[in-house]
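Dear colleague,

I am passing on the structure below, together with some notes on what was found in it. Please read the notes with the model open beside you.

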Amino acid sequence: MGLYPKASGKELQKYLNTPLQCIHCHRMLNRRRDGYYQCPSCNTIYKDNLTIAKEYLYDNPDATFEDILEGTRLSEETLLYFIDNKMLIIPNTNKNFHSCKTCGRMIINGRYCNNCAILTFNQIQGAFDENQN
């Protein structure tokens, strides 16, 4: 079991904003293996929000949080959801991006740095062990 609960299908759909229908011919889209969506009729390609964010970071590895918001037009809530649930990982070259919720150390994904995550896990495990006795 990981540090984060699995996102429900509806919650994930909300943040991904998956395209379902072609805006040109109104046919249902097919999801390709590479994360894109393609119309079977007119071959138009569509992207979901996660793909948009990943492509932006690939092209702009040193982008700040604000740069990504502006460049992708995603909401802050959506971008934080992707980072906190480890769906979007910030490149190691980006030194000024996201901070640990506990100690403030800069991190590339998740909510906590490795040290704080381990400390929190050990505290929870210790409390659980005490309740078992």
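**Helix packing**

Helix 3 and helix 4 cross in a right-handed manner (a crossing is right-handed if the near helix is turned clockwise from the far one by less than a right angle, and left-handed if anticlockwise). On the helix 3 side the contact (heavy atoms within 4.5 Å) is made by Phe 65, Ile 68 and Leu 69, and on the helix 4 side by Glu 76, Leu 79, Leu 80 and Ile 83. Sorted by class, these are six nonpolar residues, no polar ones and one charged residue (Ala, Val, Leu, Ile, Met, Phe, Trp, Tyr, Cys and Pro count as nonpolar, Asp, Glu, Lys and Arg as charged, and the others, Gly among them, as polar). The axes of helix 3 (residues 65-72) and helix 4 come within 10 Å and cross at roughly 120 degrees, where axes are lines fitted to C-alpha atoms, for helices over the stretch in contact, and angles run from 0 to 180 degrees between N-to-C directions. The two helices, helix 3 and helix 4, are therefore oblique to each other (angles under 35 degrees count as roughly parallel, over 145 as roughly antiparallel, 65 to 115 as roughly perpendicular and the rest as oblique).

Please note that this is a predicted model, in which local features need pLDDT of at least 70 and side-chain atom pairs count only at pLDDT 80 or more, while totals for chains, interfaces and linings use all residues. Residues are numbered from 1 along each chain as its sequence is written, and side-chain values use heavy atoms, with hydrogens and water left out.

Helix 2 (residues 49-59) also packs on helix 3, at an angle of about 120 degrees and with the axes 10 Å apart, and this crossing is right-handed. Here Ile 52, Ala 53, Tyr 56 and Leu 57 of helix 2 meet Asp 67, Ile 68, Gly 71 and Thr 72 of helix 3, a set with five nonpolar, two polar and one charged residues.

**Overall make-up**

The protein chain has five helices and five strands (DSSP runs numbered from the N terminus, helices being H or I of at least four residues and strands E of at least two), which follow one another from the N terminus as α-β-β-β-α-α-α-β-β-α. Of its 133 residues, 32% are buried (under 20% relative accessible area, with exposed over 50% and partly exposed in between, using a 1.4 Å probe and protein chains only).

**Salt bridges**

How many salt bridges does the structure hold? There are three, a salt bridge being a side-chain nitrogen of Lys or Arg within 4 Å of a carboxyl oxygen of Asp or Glu. One of them joins Lys 14 and Glu 77 at 3.5 Å, N to O, and this pair links distant parts of the chain, since Lys 14 is in helix 1 (residues 9-16) and Glu 77 in helix 4 (residues 76-84), 63 residues apart. Lys 14 is exposed at 53% relative accessible area, whereas Glu 77 is partly exposed at 46%.

Arg 32 and Asp 34 meet in another salt bridge at 2.5 Å, N to O; Arg 32 is partly exposed at 29%, and Asp 34 is partly exposed at 42%. In the salt bridge of Lys 47 with Glu 55 the closest N and O atoms are 2.6 Å apart, with Lys 47 partly exposed at 38% and Glu 55 partly exposed at 24%.
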